[in-house]
Amino acid sequence: MALKIDVLQSYPAIDENAVDALLSKEIEKNNKKIVVLDDDPTGVQTVHDISVYTNWSKDSIAKGFAEKNNLFYILTNSRGFTTAETEKAHKEIAAVVDEVAKEAGKEYIFISRSDSTLRGHYPLETIILKEAYEKNTGKKADGEILCPFFKEGGRFTIGDVHYVKDGEDLIPAAETEFAKDKSFGYKSSNLKEYVEEKTGGAYKKENVTAISLEDIHAVNIDKIEEQLMAVKDFNKIIVNAIDYVDVKVFCVALFRAMAKGKTFVFRTAAAIVKVMGGVTDQPLLTREQMVVKEIDNGGIVVVGSHTEKTTKQLEMLKEISNMEFVELDATLVRDEEAFAKEVERCLALEEKYIKAGTSVCVYTTRALITADTDDKEDNLRLAVKISDAVQSLVGRLSIVPSFVIAKGGITSSDVGTKALAVQRANVLGQIKPGIPVWQTGEESKFPLTPYVIFPGNVGEVSTLKEAAEILMK
């Protein structure tokens with residue numbers, strides 16, 4: 001059942017300054033490196049001045065461990081992987097992380113950062129991380145923490161049910177378009193039931209520990225710590241949250257439990273990463289902070305996501321009079337020769353516009369292209385083929401755009417890693433709430449270019465237009 005947004009005001013206020021003081025002490029005592037495995041590039045949507053590595057070579061992981069920051073991201077892009085590819089990548093990452101950690105003399109924590117609307121390879125990814133961690137360290141993973149709260153995107157967990165904000169309403173997640181995802185769909189909005197559904201009954205809903213809003217808003221840290229201390233056998237803990245301060249209260253108890261020897265693996269959205277990492281708030285980015293090299297060329301916006309929200313945002317983007325629009329006919333994807341010609345046509349138009357100083361948006365046909373079978377991985381492979389074409393419309397550019405905006409998780413990952421060839425990026429911050437900006441590294445195709453990673457499921461109808469206008473000024 002949907003709730004009204006007013007429910008968020010119905011819980012007693014928490015003294016955030018007092019909680020911040022407690023949390024700061026716990027973060028200072030924590031000497032474990034937080035390694036965030038991000039299944040698409042949007043997971044950095046809450047942080048700034050943090051590194052993202054797009055490969056998991058030993059050299060990259062060692063650089064992450066050597067940084068002063070207590071966390072770093074590894075972009076896996078596993079949302080666009082098959083099951084076999086996901087398993088292989090996570091086993092490789094876990095092995096390299098443990099090798100580097102032992103050489104550096106540091107302990108570590110794995111956070112599997114995924115979609116705030118509950119899509120992705122779950123529970124596969126955390127099972128692999130748990131098994132590898134136990135094998136490599138000899139320690140048992142006592143539990144798994146699920147925290148899909150993400151305020152910037154309007155994702156709240158109340159009474160164990162996860163909600164997605166839509167205007168003035170909070171819609172149970174399973175009633176949204178995201179739950180109908182061809183590859184990662186689900187039926188349960190109640191996170192206890194979601195756990196049982198996704199694990200095929202291996203973990204029962206009655207055995208899931210819920211951290212309630214009532215205990216959080218009573219700042220009953222001792223009780224929450226007791227709940228965490230009691231968890232064993234990799235049972236699940238779900239965190240109810242409607243604001244960042246709720247996550248902060250939980251994390252005080254969490255760090256205390258970990259200090260007493262409890263070990264957890266995390267499956268979360270972006271918010272708890274910011275809290276555990278002690279990342280400060282900062283204002284939204286200005287154009288001057290993002291554009292460090294002024295050039296006369298236009299910028300490029302690439303839109304691959306097919307969510308209803310993206311389509312509405314694209315329609316409003318078309319109101320920008322001095323931007324050109326090129327549609328890639330994705331219906332041709334099954335005809336290799338015709339699709340290749342279509343990509344060439346779009347690329348030629350882009351080059352012409354950008355060289356003339358005009359920004360351009362290239363977008364895929366809005367009709368969702370699906371495989372002829374019901375096989376989830378066939379649909380995923382088809383989506384990846386289209387996304388590969390979309391990223392090539394950036395990667396094959398012969399001129400440097402003034403900025404790049406990519407819309408959609410798989411699209412933004414492919415543009416970042418394949419088209420722009422980024423190996424390490426610095427997260428500058430956010431251009432709009434929940435919409436991160438990378439500054440590309442010197443090794444990339446277009447060094448020091450602002451790269452805006454725009455999730456398919458974030459923002460209001462006008463947000464894509466507003467972001468483009470900031471960069472076009």
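Predicted model: local features only at pLDDT ≥ 70, side-chain atom pairs only at ≥ 80, totals over all residues.
I began at helix α14, which is followed by A421, a residue with a positive phi near 55 degrees.

**Entry on α14.** I then looked at how covered helix α14 (residues 409-419) is, and nine of its eleven residues turned out to be buried. I jotted down the buried ones: G409, I410, T411, S412, S413, D414, V415, G416 and A419.

**Entry on S444.** A421 came up again when I checked S444. Leaving aside neighbours within four places in sequence, S444 is in contact with L420, A421 and V422. I found S444 in the loop between β18 (435-439) and β19 (450-454). Is S444 buried or exposed? Its relative accessibility is 7%, so S444 counts as buried, given that buried means under 20%. I also followed the side chain of S444, and it reaches the backbone oxygen of G441 at 2.7 Å.

**Entry on α2 and α3.** Next I went for helix pairs. Two packed helices are described by the angle between their axes and the distance between the axes, so I wrote down both values. Helix α2 (residues 58-66) packs with helix α3 (residues 83-104) at an angle of about 50 degrees, and their axes are 9 Å apart. That angle makes α2 oblique to α3. I noted the crossing of α2 and α3 as right-handed. Which residues meet here? From α2 I listed K58, I61, A62 and F65, and these meet V96, V97, E99, V100, A101 and E103 in α3. Sorted by class, the contact of α2 with α3 has seven nonpolar residues, three charged ones and no polar ones.

**Entry on α7 and α8.** Helix α7 (residues 221-230) and helix α8 (residues 244-259) have axes 8 Å apart and pack at an angle of about 50 degrees. The two helices, α7 and α8, are therefore oblique to each other. I checked the handedness too: α7 passes α8 in a right-handed crossing. On the α7 side, the contact is made by I221, D222, I224, E225, L228 and M229. On the α8 side I wrote down V249, F250, V252, A253, L254, R256 and A257. What classes do these residues fall into? In the contact of α7 with α8, ten are nonpolar, three are charged and none is polar.

**Entry on D233.** The phi of D233 is near 60 degrees, a positive value in a residue other than glycine. D233 has 57% relative accessibility, so I put it down as exposed; the cut-off for exposed is over 50%.

**Entry on D160.** Here was another one to write down: phi of D160 is near 75 degrees, again positive in a residue other than glycine. I located D160 in the loop between β7 (155-158) and β8 (161-166). Is D160 buried or exposed? With a relative accessible area of 15%, D160 is buried.

**Entry on P123.** The bond from Y122 to P123 is cis, with omega near 10 degrees. Where is P123? I found P123 in the loop between β5 (108-113) and α4 (124-137).

Methods: Residues numbered from 1 in each chain as written. Heavy atoms only, no water. Axes fitted to C-alpha atoms, helices over the stretch in contact; angles between N-to-C directions. Helix = DSSP H or I, 4+ residues; strand = E, 2+ residues; numbered from the N terminus. Parallel < 35°, antiparallel > 145°, perpendicular 65-115°, else oblique. Left-handed = near helix turned anticlockwise from the far one by under 90°. Contact = heavy atoms within 4.5 Å. Nonpolar A, V, L, I, M, F, W, Y, C, P; charged D, E, K, R; others polar. Buried < 20%, exposed > 50% of the residue type's maximum accessible area, 1.4 Å probe, protein only. Polar contact = N/O pair within 3.5 Å; in protein donor to acceptor, adjacent residues only side chain to side chain.
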